[in-house]
Amino acid sequence: LPMLPAVLIGVITATFGGVVRDILCSQKVQLFQPIEPLYATCAFVGGWLYILLIKLELLASFALIVCVI
């Protein structure tokens, strides 16, 4: 999968996964609140950081740990 679509799919998954979680837990959807969580921003930055680390030829497991933290 090319890089941009892969990152966008990750952003969509992170964002709407949080929406589904809130709906299933019968809570207000945090994404639509004035103080919005940074799901999309964190997923976008993490996706590009992972791709950058892989392009720098670091171990995939190390890149994954860095992006999760």
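This is a predicted model: local features need pLDDT of at least 70, side-chain atom pairs count only at pLDDT 80 or more; totals for chains, interfaces and linings use all residues.
The expected span of a helix is 1.5 Å times one less than its number of residues.

**Figure 1. Helix α2 and its length.** With 17 residues, α2 should span 24 Å at 1.5 Å a residue, and its end C-alpha atoms are 24 Å apart, which agrees. The helix covers residues 39-55. Tyr39, Ala43, Gly46, Gly47, Ile51 and Leu53 are its buried residues. Viewed down the axis of α2, these buried residues fall within an arc of 165°, so they line one face of the helix. They pack against two elements, α1 and α3, the latter made of residues 60-68.

**Figure 2. The whole protein chain.** The chain holds three helices and zero strands, and along the sequence its pattern reads α-α-α. Its C-alpha trace spans about 45 × 25 × 20 Å along the principal axes. The radius of gyration is 14 Å, whereas a compact globule of 69 residues would have a value near 11 Å. Of the 69 residues, 23% are buried. The accessible surface comes to about 5200 Å², and carbon and sulfur atoms account for 76% of that surface. Among contacts with a separation of 6 or more, 37% are between residues 24 or more positions apart.

**Figure 3. Helix α1 and its buried face.** Helix α1 takes in residues 3-24; its 22 residues should span 32 Å at 1.5 Å a residue, and the end C-alpha atoms are 31 Å apart, which agrees. Which residues of α1 are buried? They are Val7, Val11, Thr15, Gly18, Val19 and Asp22. Seen down the axis of α1, the buried residues lie within an arc of 100°, so they line one face of the helix. That set of residues packs against α2. On the face turned away from the buried side, α1 carries the exposed residues Ile12, Thr13, Ile23 and Leu24.

Figure 4. Leucine 4 belongs to helix α1. Its relative accessible area is 46%, so leucine 4 is partly exposed, a class that runs between the 20% limit for buried and the 50% limit for exposed. Between leucine 4 and tryptophan 48 there are 44 residues of separation along the chain, and their C-alpha atoms are 8.7 Å apart. Alanine 6 also lies in helix α1. This alanine 6 is partly exposed as well, at 33% relative accessibility. From alanine 6 to glycine 17 the separation is 11 residues in sequence and 16 Å in space, C-alpha to C-alpha.

Figure 5. How many aromatic pairs does a search of the whole structure find? The search finds one. Phenylalanine 44 and tryptophan 48 form this pair, which is edge-to-face, with 6.2 Å centre to centre and 70° between the planes. The edge-to-face label follows because planes over 60 degrees apart are counted that way. Both residues sit in helix α2, four residues apart, about one turn of the helix. Phenylalanine 44 has a relative accessible area of 39% and is partly exposed. Tryptophan 48, at 30% relative accessibility, is also partly exposed.

**Figure 6. Serine 26 in the loop after α1.** Serine 26 follows α1 and has its place in the loop between α1 and α2. Is serine 26 buried or exposed? Its relative accessibility is 69%, so serine 26 counts as exposed.

Figure 7. With a relative accessibility of 73%, glutamate 57 counts as exposed.

Key. Residues are numbered from 1 along each chain as its sequence is written. Side-chain values use heavy atoms; hydrogens and water are left out. The radius of gyration is taken over C-alpha atoms; the globule rule is 2.2 Å times the number of residues to the power 0.38. Buried means under 20% relative accessible area, exposed over 50%, partly exposed in between (1.4 Å probe, protein chains only). Contact means heavy atoms within 4.5 Å. Accessible areas come from the Shrake-Rupley method with a 1.4 Å probe; for residues, only the protein chains shown count as cover. The arc is that of the directions from the helix axis to the C-beta atoms. Rings of Phe, Tyr and Trp (its six-membered ring) pair if their centres lie within 6.5 Å; planes under 30 degrees apart count as stacked, over 60 as edge-to-face and the rest as tilted.
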